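Trainee: Please pick a single contact in this model and look at it closely for me. Then carry on from there to the rest of the chain, with the cut-offs spelled out as you go.

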Amino acid sequence: VIYRFRQTRSLTLAQFFEVRYSRKFRIFAGMIGFLSGIINMGIFPAVGARFFIHFCGLPSEVMLLGFAISTFPLVMLILLSVSIYFVFSGGQIAVIIADFFQGAFVNAVFLLLIIYMFFNFDWSTIQEALTMAPENASLINPFKTSHVKDFNFWFFLIGVFGFLYGTMSWQGTQAYNSSAKSAHEAKMGGVIGFWRGMPQGLLFLFIPIIAYTVLNHPDFKGIADSVALAVSGIESEAVQNQLKVPLVLQHLLPSGMIGAFVAVMLAAFISTHDTYLHSWGVIFIQDVVMPFRKKPLDPKKHIKLLRLAIVGVAVFIFFFSLFFQQSEYIFLFFAITGAIFAGGSGAVIIGGLYWKKGTTAAAWAAMISGSSIAVGGIIIHQVVDDFFINGQMFWAIAMFVATLIYVTISLIQNREYDLDKLLNRGKHARKDEIIVVNPAPEKGWKVLGIGKEFTKFDKVIYIANYAWTGGWTIIFIVGTIMNLTNVAQDGSWMNFWKYYLIVHVGLASFTFFWIVLGGFRDLKRMVTQLKKTNRD
């Protein structure tokens with residue numbers, strides 16, 4: 001999907017929808033994508049501001065010009081202003097460069113944080129705390145999780161399917177999706193991105209386990225009581241829970257690490273917000289406003305309009321964060337709000353890029369049905385407390401219904417579309433974007449998706465990806481068979497998780513240096529190329 005989308009040379013996903021389906025569908029999809037995106041992003045400033053206020057121990061009010069001003073909106077305003085500054089410094093080019101440096105810094109601190117916790121926390125203490133979980137809601141043995149409420153087997157199964165179904169659906173990184181210098185480089189960027197995200201994945205896995213240990217083990221009762229007191233004044237249980245991990249870290253980290261963690265959260269906030277502000281502002285202008293115009297704007301007016309749209313997005317999410325009452329966990333909120341667009345768009349994107357029988361009517365029906373289910377889920381959760389279908393399940397329903405409708409209507413209409421023209425291949429091929437390394441790659445390589453554009457090092461990276469995923473798949477299959485025939489004890493599982501962490505930390509450390517060094521090389525290449533490239 002990543003490769004084929006870049007082949008279309010579309011600057012936004014909705015532009016691809018216009019070429020593949022119709023102009024009206026582009027506008028409709030642009031509106032749905034924009035609304036889904038800014039609602040999904042609506043809680044970002046609130047989550048970030050709450051972190052800084054509680055982790056840094058900021059007062060609830062500050063005196064400004066003789067007036068008592070609430071710290072919460074003030075911190076949001078400062079954070080959003082810094083993010084806008086980065087976007088305005090040079091648009092997507094500034095975002096790419098800023099995010100690269102911020103990303104390198106964030107991953108470095110994440111790794112240091114994980115290694116520090118690993119060597120300064122007793123593994124047996126972690127095991128004692130995790131075994132306190134209920135029998136069938138185990139935090140150690142994945143075969144004993146039938147009573148876990150939201151983040152259970154179905155949550156992860158839906159996540160796996162959604163990961164495939166929703167490839168490139170989410171437009172928070174819209175400009176990145178079109179920034180690669182060729183379809184092949186876009187594909188390789190996706191592969192390398194898998195390795196780049198390893199430190200973050202480790203942090204999401206290990207640090208909450210440490211926090212759970214502190215909050216539940218009797219040895220840390222003093223810290224647990226202090227955290228409970230700190231969040232007791234917050235009405236929303238979901239917000240209380242999202243603040244517990246940072247407050248635990250506040251007690252565990254030494255002063256230097258606390259400063260580094262605050263710095264890394266600031267960098268993460270900026271890199272996320274500058275990317276998203278740019279994406280949603282651009283989508284609004286390019287896919288909602290511009291299609292209604294009969295003639296293009298001149299460049300100065302166009303850029304001014306883009307900047308106004310970006311500020312408009314910032315204003316919206318500021319007030320959304322100020323007034324919205326968060327009742328669900330962050331990931332469940334992301335799932336249901338993202339599904340407003342991603343619930344139907346997956347079928348429309350994959351069908352449009354791979355299936356010549358996909359029709360415009362099918363695209364309309366899939367997008368409308370997926371969006372309607374997601375919006376219905378949001379309304380229900382605002383009206384009914386503890387509704388039995390959570391955000392993740394609504395996302396699953398939206399994906400299933402949209403796919404079924406897309407396939408059914410396309411088969412009924414039975415039309416065909418010229419995919420070669422859409423993808424600029426065959427007689428429509430553009431030679432300037434394809435660098436042929438091996439004109440006739442071996443069949444074995446082609447089966448793995450390794451084509452004529454792959455260099456030797458590209459093959460190494462690509463095969464390493466397969467080997468890594470394949471290795472863990474084998475471990476999963478063997479482990480499943482072993483546990484179904486002879487249930488492993490918690491001690492065996494804890495040993496498994498210990499070595500799992502060690503292997504991942506070692507590989508994450510290696511890939512961090514590889515990606516940072518390679519990133520600096522590519523940054524230099526990008527700047528050099530931009531100096532020589534003629535603007536269109």
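Mentor: Let's start with Arg425, which forms a salt bridge with Asp420, their closest N and O atoms lying 2.6 Å apart. The term salt bridge here stands for a side-chain nitrogen of Lys or Arg within 4 Å of a carboxyl oxygen of Asp or Glu. In general, side chains of opposite charge can pair when their charged atoms come close.

Before going on, please keep in mind that this is a predicted model, in which local features need pLDDT of at least 70 and side-chain atom pairs count only at pLDDT 80 or more, while totals for chains, interfaces and linings use all residues. Residues are numbered from 1 along each chain as its sequence is written, and side-chain values use heavy atoms, leaving out hydrogens and water.

How exposed are the two partners? Arg425 counts as partly exposed at 28% relative accessibility, and Asp420 is partly exposed as well, with a relative accessible area of 32%. (Buried means under 20% relative accessible area, exposed means over 50%, and partly exposed covers what lies in between, with a 1.4 Å probe and protein chains only.)

The salt-bridge rule gives a count of 9. In one of them, the side chains of Asp522 and Arg521 meet at 3.0 Å, N to O; Asp522 is partly exposed at 37% relative accessible area, and Arg521 is partly exposed at 45%. Elsewhere, shared partners join the salt bridges of Glu18, Arg23, Arg26 and Asp287 into one network. Within it, Glu18 and Arg26 bring their closest N and O atoms to 2.7 Å. Glu18 counts as partly exposed at 21% relative accessibility, whereas Arg26 counts as buried at 11%.

Charged groups also meet rings here. The charged end of Arg20 sits over the ring of Tyr417, 4.2 Å from its centre, and Arg4 lies over the face of Tyr354, at 4.0 Å from the ring centre. A charge sits over a ring if NZ of Lys or CZ of Arg is within 6 Å of the ring centre and within 35 degrees of the ring normal.

Next, the backbone. Asn414 is not a glycine, yet has a positive phi, near 50 degrees; Asn414 belongs to the loop between helix 18 and helix 19 (419-422). Arg9 is another non-glycine residue with a positive phi, about 60 degrees, and is found in the loop between helix 1 (2-7) and helix 2 (13-20). Arg9 is partly exposed, at 35% relative accessible area. The chain has 22 helices and 2 strands, taken as DSSP runs numbered from the N terminus (helices H or I with at least four residues, strands E with at least two).

Helix 18 (residues 391-413) also holds Met393, which is partly exposed at 33% relative accessible area. Together with Phe153, Trp154 and Leu157, Met393 forms a nonpolar surface patch of about 420 Å² of accessible area. Helix 8 (residues 153-165) gives the most to this patch, with 3 residues. Patches are made of residues with over 30% relative accessible area and no salt bridge, joining like charges within 9 Å and nonpolar side chains (Val, Leu, Ile, Met, Phe, Trp, Tyr) within 5 Å. The areas come from the Shrake-Rupley method with a 1.4 Å probe, and for residues only the protein chains shown count as cover.

Ring against ring, a search of the whole structure finds 45 aromatic pairs. Tyr276 and Trp280 have ring centres 6.4 Å apart and planes at 80 degrees, so this pair is edge-to-face. Rings of Phe, Tyr and Trp (its six-membered ring) pair if their centres lie within 6.5 Å, with planes under 30 degrees apart counted as stacked, over 60 as edge-to-face and the rest as tilted. Both Tyr276 and Trp280 lie in helix 14 (residues 255-289), 4 residues apart, about one turn of the helix. Tyr276 is buried at 13% relative accessible area, and Trp280 is buried at 0%. Ring pairs also link a cluster that includes Phe143, Phe194, Trp195 and Tyr500.

Finally, the whole chain: buried residues make up 45% of its 536 residues, and the C-alpha trace spans about 70 × 70 × 50 Å along its principal axes.
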